[in-house]
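Keep the structure in view as you read.

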Amino acid sequence: MLSDLLFRLRTLFRAKSMDTGLDEELQFHIDRQLEKHLQAGLSPEEARRRLYLEFGGPAQVREECREARGVRPLEALSQDLRYGFRTLRKNPGFTTVALITLALAIGANTAIFSVVYSALLRPLPYTDPDHLIVLNETHPRIGTVSVSYPNYLDWRAQNHVFSEMALVVGVGYNLSGISQPETITGQAVTSNYLSLIGVHPLLGRDFEPSEDKPGATPVVMLTYPLWQSHFGGRRDVLGSNISLDGRGFTVIAVLPPGFRAVETVSVLAPLGVWLTKNSYAFERGNRGDTVAIGRITNGVTLAQARAEMVAIAARLAAAYPEANNQFGISLQPIRELFVGDIRPALLVLFAAVMFVLLIACANLANLFLMRAAGRTREIALRIAIGATGGRIIQQMLAESFVVAGFGGALGLGLAVAGMRAMKSFIPAAALSGDAANLNLAVLLFALAAAVLSAIAFGLAPAMQSIRAGVHSRLKESGKSTTSGVRQNRWRTTLVVAELALSVILLAGAGLMMKSVYRLVAVDPGFRPHHLLRLDLGLTSLKYPNDTAIRAFWRQLLDGVRALPEVESAALGTNVPLTNSHSRGDITVEGMPLPAPGSFPHPDRHAVSLGYLRTLGVRLLAGRDFTESDSETVPPVALVNARIARDLFPGQNPVGKRFMSGRPDWARKPEWITIVGVVDDTRMYGLANPSRLEIYRPLAQVAPDEMDLIVKSRIDPTSLTSSIRSVLASIDRNQPITSISTMDQLVQDSVGSRRLTLILLDVFSALALVLAGIGIYGVISYSVAQRTQEIGIRMALGAARPDIMKMILLQGARIAAAGLIIGTIAAFALTRYMQKLLFSVSPEDPATFALVAVVLTFVALLACYIPARRTLRVDPITALRYE
Amino acid sequence: MSRIDLPQGTLDLLILRTLSLAPQHGWGISERVQQMSREVLCIQQGSLYPALHRLERRGWIKARWGKSENNRRARYYELTKTGRKQLETETGLWKQLTSAVNQVLGES
């Protein structure tokens, strides 16, 4: 097979010398045969005649030899490609439209595919990632919660479905002593963690089992990015000391560049070091920021593993009702954790962009059909002089492959640009390894897209043209015949399909637009404008007690409030949309005691004076905190409207009392008096409903991590440096964990929907334009074909408006067909984007009506332009039109 | 004695057989076939060359330029290893075919 191909290729490239060789070979034969006849005594004329009879025509023999050597198909292919290239260059208008259409469609597809690939398809950088399962605890009212350390130990000891199980704790560290103090994220992990996921340190050693126990020497592994950015990638970093939260840690290893945790992580420390400082972790009821990761034993299914773990959780709940009542367990393949919320959006976008490619192909098929119609006579002539059908198809396909080749290359360029633009919108954690980029898979995808579209838009016109050519139409006089009916039907079908696909895209974009519009119109319960938010965490070494902590916060607040541009400033924990939260059970005085696990479980905030005013949270009843709500007076709290509704239905909660935790916990109940009711805030994003919330005054609690919120008279981001210097004057080693404006947080909370909206808008606009071009092409071609007929009608006295109506009706029929089919398909498909929608039904009638109006308008406009042009023509000219 | 036109497919067999004796050029092959068949079989000389090029493409024979008896440049063909095997198979097949046909004819 291969040698055959090589033989053919060699022959092709040596075609010239091959031919002379063939001539020489045949000439030798002729000469010898002639000689033989002459020697036999024939006259020269007779000898030549015999030779011709015996041998045949030399030209024909030569052709047959070339055929036998298998040169023809390859030769023909290169001929066709060159011919295709030439014809395309001679029709710059046609070629430009075709190339732009295809480049846009393939570019958009490739860009979206690159994201789909790195988010959904590319393997995670772990050994056998499909066997890695993330385990969490669950609670019927709270949802997924972290794993308590004693529970993890029991899970690990009792299960038979995981070959190994590790524990990972999220930790924030204050890294100081290198340059500016800063907060970095880290994880405290059990010593089996890295071997479990299949990662080996790039430099240094893995953690040891002895380091799982409290009292372990502080050691740390650096991730590759931190090693590069802070330690210049120096190998002698091993054994050196770095300061985390004011303690010295010895660097024992550097992780490989491909290492990824679910969240961005800069350092890993052994669990034992973390346990030393956080001995409360040994209490079973304590659940911090912890997950377990297990490697499922070969041959065990996820369902089997789940069944066994649920049974273990039930046993533990029965054994330790205090801590575990109602707590269950959840098992999740690790990939789901990485992909998270982005999956539905990506799939919708991928489907949408595929539709765009289909529309583009339909359009190109139409363009090629139209051109093939103009070449009917050329093709009929070719068939008449002996070209086979296959040969004609090959020639026509060669042209579409030339278009697809160039279009695909241009599209790849567009895709690279598009990928850069998209990168900033996509959460980095969702992409495995590097962010979306060009790789072999993406290149192959682009190639496949180009080849498949070349076949899709090239084959139908090619088939069509030979079918037309077979009814030899040599005698027909050019374009004025009506035998193009079949072709027109083809084209009309394609345009109907384009319009239908456009309806689906427009409906999707419309629903998305309405969702985002509804979402940003949601009242978040606070006013985000002109607010800067800075996150600060105090390290406990420097601030050992509540008094020191409160003193720091007071100093900071006073300093910031003194800045001239600051209108107001306040401190609060768990500010809305920051994804930080703290919750706990409460007991309302006098309420019937629910079972453990069914107590009200509100979000808790600690706030300074002025918090409500600064954040713009409305006070609905009672009073705000005042200076007199100090450490020494009985504790007070504010509650939100949801608590008033749920826990005090029909009553005024002001003056009522509750306590933290459950009565059976309390050493001595400390009753907290409700002094006011405030509005609900959307703590967890605009799309998520409000929960129960309570607020306590900073003076009565002393959190070591708070958000500083500053309302400014000017652009809030310009305050950053003056706030930094206020902070440095109080404690120059105190880092700021993160800075953002509240407006930005609101934006981010609708971020993935907004990206989906932007892309869907772009795709559907593209679809609409392409479909518009499609229907324009069909109508203008059919009008041009009917110029003579229109001339006759006008000569016979038809009024221009009547003819206009006739043409518009033709377009309207096509549009109506597309609209009906598209609407039915869209009804069936939009429910797949339910997850992306917000308070809009996937069958929202208003959206569908608007889509119909837009599409009809575009379709009629596309018909009106060619119709008006034809009607301007003088009837006499029209009659003579050939 | 009248001349017989070649049945379909036998030309390849005759070429391979001729070349199994010695390398030969195209004209030589046609002469040789006529001689060996005692002038009964007649090759349409024009169809010899496409057949030669086809066999070369299949790798059963290979060609090189050489000097002819009268000192001219001529293209000589010779059998390759696969060609020799092919000749054996085809000869076997041919013998089966002819003996079967003979049997049928003998019975009637």
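Start at one pair of residues: Arg64(B) stands opposite Tyr76(B) in strand 5 of chain B. Strands here are DSSP runs (E, at least two residues), helices are DSSP runs too (H or I, at least four), and both are numbered from the N terminus. This is a predicted model, in which local features need pLDDT of at least 70, side-chain atom pairs count only at pLDDT 80 or more, and totals for chains, interfaces and linings use all residues. Residues are numbered from 1 along each chain as its sequence is written, while chains are lettered from A and ligands numbered from 1 in the order in which they are written.

Now widen the view to the sheet. In chain B, 3 strands form an open sheet in the order 2-5-4, with antiparallel pairing. Two strands pair if DSSP finds at least two bridges between them. Strand 4 of chain B is joined to strand 5 (residues 73–79) of chain B by 7 bridges. One of the bridge partners in strand 5 is Arg73(B), which pairs with Lys67(B). The hairpin of strands 4 and 5 of chain B has 5 residues between the strands, and Asn71(B) takes a positive phi near 70 degrees there. Strand 2 of chain B pairs with strand 5 of chain B over 2 bridges, again antiparallel. Here Tyr76(B) is the bridge partner of His25(B).

Leu11(B), Asp12(B) and Ile15(B) in helix 1 meet Ser47(B), Ala51(B), Leu52(B) and Leu55(B) in helix 3 of chain B. Contact requires C-beta atoms, placed from the backbone, to lie within 7 Å.

Stay with helix 3 of chain B. It has 14 residues and reaches 21 Å from its first C-alpha to its last, close to the 20 Å expected at 1.5 Å a residue. That expected span is 1.5 Å times one less than the number of residues. The buried residues of helix 3 of chain B include Leu48(B), Tyr49(B), Leu52(B) and Leu55(B). A residue is buried if 20 or more other C-beta atoms, placed from the backbone, lie within 10 Å of its own. Just after helix 3 of chain B, Gly59(B) takes a positive phi of about 85 degrees.

Finally, turn to the partner chain. In chain B, 15 residues are in contact with 20 residues of chain A. Helix 2 (26–36), helix 3 and strand 5 of chain B each supply at least two residues of that side. Helix 3 of chain B gives the most, with 7 residues.

Notes. Two residues are in contact if their C-beta atoms, placed from the backbone, lie within 7 Å. A residue is buried if 20 or more other C-beta atoms lie within 10 Å of its own, exposed if 12 or fewer, and partly exposed in between; C-beta atoms are placed from the backbone.
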